[in-house]
Amino acid sequence: MKLPQMRTGLAISAFMHAALLAWGLFSFAARPLAAKPQDVVLTDVISATEFSQLTKGVKNAPTVETPKPAVEKVGDPKPAEEVSPVAEKPEVRTSSAQPPLPAPKPPEPKPTKKPPQKPDPIADALKREDARKASEAKPKAQPQKPIPPQPRFDPNQIAALLDKRDPSRQSITGEALAPAPPSLGTRNGADAKLSQSELAAMRAKLMELWNPPVGVQNPEQMIVKIRIQLTRDGKLNGPPVVLTSGRGTVFETARDNAIRALFMGQPYTMLSPSTYDIWKEIEITFDPRDMYRG
Amino acid sequence: MEVAPVTTNPFFSLFVQAHWVVNWAVMLGLGLASVWVWAIVIDKFMLYARTRRAMDAFEQAFWSGQSLEELYRSLSERPVHSMAALFVAAMREWKRSFENPSRSVAGLQARIEKVMDVTIAREIERLERRLLVLATVGSAGPFVGLFGTVWGIMTSFQSIAVSKNTSLAVVAPGIAEALFATAIGLVAAIPATIFYNKFISDVNRQAQRLEGFADEFSAILSRQIDERA
C-alpha cells in the first residue's frame with residue numbers, strides 16, 4: 001500500500017530533478033565561467049632626472065620626431081570666428097596651392113609632420129589678416145588668378161582638393177591640444193641642468209639653517225610656505241612673503257626661523273645664472289617632516 | 001628567488017588531488033537528498049489529501065443516522081485508516097465485551113479509551129513517517145553544501161598558489177564551482193524546511209480532528225454502556 005505511492009512520488013521527483021538538471025546544463029553551457037582578459041595599460045617609469053631633461057625646450061631641435069596622429073583642433077576658437085566667413089571660399093578653390101599648407105615647406109605633402117612651424121598662432125593670424133585684406137579688396141577676381149600660374153597637379157594633394165572642411169580648422173598634432181602654446185618644450189620647461197639637484201642643494205642648505213622648535217606636539221603646524229624673489233647673483237630681492245597663515249608661538253617661531261634661514265643662506269650660488277628665469281621667483285615649503293625623512 | 005614546493009605533505013597532497021572526489025560526493029549526496037525530499041513531499045501531499053477526504057466521508061456516514069453495527073460491518077471487511085480505523089477499533093472492543101458470555105462491562109469504558117488512544121498514536125505515526133528526513137535535510141543541507149564550498153575554495157587557493165597568478169581569471173572559476181555546492185545545499189534545504197513546517201501543522205490538525213472524534217465516540221459508547229448495564 002505504502003510502497004506504490006512512495007514510488008510515484010519518487011518517480012515524479014526524479015523526473016523533476018532530471019528536467020531541472022537538463023535545463024541548467026543547456027542554459028549555462030552557453031556562458032562559460034571564464035573571466036574576460038583585462039585591458040593592459042602600458043606605462044613607462046622614468047626618474048625625476050629623466051623627467052626634467054624631457055621638459056627641456058630647444059629652439060633648434062631637430063624635427064625628426066615620430067609621426068603623430070592627426071587630430072581635430074578643438075581649442076583656440078577665436079581666429080576661426082574672425083576669419084572663416086571671409087577667407088573660406090578662396091582658400092578652398094586654390095587648395096592645390098593653399099597658403100598655409102605648402103608655405104612652410106612645399107616638398108612635404110602632409111603638414112601634420114611639422115608641429116613646430118604649424119601652430120604658430122601669431123603668424124597664422126597675420127597670414128589670415130593679409131588674406132582677408134586681399135580678399136576684401138578683390139573678392140571675386142582674386143581666386144581665379146592664382147590658378148593659371150600654378151597648374152601643377154600633385155597627386156599626393158588630391159586629399160587636400162577633396163577636403164571640404166573649413167580651412168581655419170587645421171589638422172594639428174595631439175600635443176597642440178594642450179592649452180599652452182605648443183613648442184618643442186613646455187613653457188616652463190627648465191634646462192636639463194637646473195634639475196632637481198640644484199633645487200635639492202638649495203633645500204638642503206635651507207634645511208640646515210632652519211631651526212624649528214623641537215618636541216612640538218603636532219609638527220603640522222610648523223609647515224611654512226614662503227615665496228622669495230631672487231636677484232641674478234642669488235640674493236634676496238625684497239622681503240620674503242609668507243604664504244602660510246597660522247597662529248600660536250610654535251608657528252611664529254618656525255616662521256621667523258625660516259625667514260632667518262633664508263637671509264642667512266643668502267648668496268644662493270648653487271643656482272646657475274643661465275636658468276635665472278626659472279628661479280627668480282620660487283616658493284619654498286619648510287616642512288619639519290622632511291628633516292626627519294632625510 | 002627560491003621556489004618552494006607548495007604541498008610537501010604527501011597526505012595533504014593526496015587530499016588535494018582527491019578534491020574532485022570530495023566535491024562530487026557532496027554535490028551528488030545533496031542532489032540525491034533533494035530527490036528524496038521531493039519524493040516525500042509529493043507522497044505526503046497525496047497522503048494528507050487522501051486522509052482528509054476519507055475523514056470527511058467517514059464523518060458524513062457516521063452522523064447520517066446509519067446504524068453503527070452496519071457501518072462497522074461494512075468497514076471491518078477491509079483494512080482502514082484514520083478515523084475509520086478509530087471507529088473499528090472501538091467497536092471491536094465493544095463487541096468483544098458484550099458478545100462474551102461473561103460480560104465484562106466494568107472496565108469497558110477505560111478499555112475503549114485505551115484502544116482509541118493506541119489507534120490515534122498509530123495513525124499519527126503513519127502520517128508523520130519520514131517527516132524527520134525533511135527536517136534533517138533542511139537543517140544539515142546548507143552545512144553539507146558549505147563544507148563542499150570550503151573544500152573547493154581551499155583547493156582552488158592551492159591551485160592559485162601553484163600557478164603563482166592571482167588574476168581573477170585564475171581565481172574565479174574554481175570559486176564559482178565551489179560555491180555551486182552551497183547552491184545545491186540551499187536548493188535542497190529550502191523546500192525541505194518549508195514543507196516540513198507545513199506538514200507538521202497538517203499532522204497536528206488531523207490529530208486534533210482524530211482526538212475530537214475519539215472523545216465524541218467515547219461519550220456515545222459510555223452512554224450506551226450505562227443504558228445497557
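What percentage of the 294 residues of chain A count as buried? The share is 25%, where buried means under 20% relative accessible area, exposed over 50% and partly exposed in between (1.4 Å probe, protein chains only).

This is a predicted model: local features need pLDDT of at least 70, side-chain atom pairs count only at pLDDT 80 or more, and totals for chains, interfaces and linings use all residues. Residues are numbered from 1 along each chain as its sequence is written, chains are lettered from A and ligands numbered from 1 in written order, and side-chain values use heavy atoms, without hydrogens or water.

**View 1. Chain A.** Chain A holds ten helices and five strands; these are DSSP runs (helices H or I, at least four residues; strands E, at least two), numbered from the N terminus. Take contacts (heavy atoms within 4.5 Å). Of those in chain A between residues at least 6 apart in sequence, 79% join residues at least 24 apart.

**View 2. S82(B) in helix 4.** S82(B) belongs to helix 4 (residues 82-99) of chain B. Its phi is near 50°, a positive value in a residue other than glycine. S82(B) is buried, with a relative accessible area of 4%.

**View 3. R130(B) in a loop.** R130(B) sits in the loop between helix 5 and helix 6 (131-163) of chain B. Phi is near 75° for R130(B), again positive in a residue other than glycine. R130(B) is partly exposed, at 25% relative accessible area.

**View 4. E211(B) in helix 7.** Helix 7 of chain B contains E211(B). This residue is partly exposed, with a relative accessible area of 38%.
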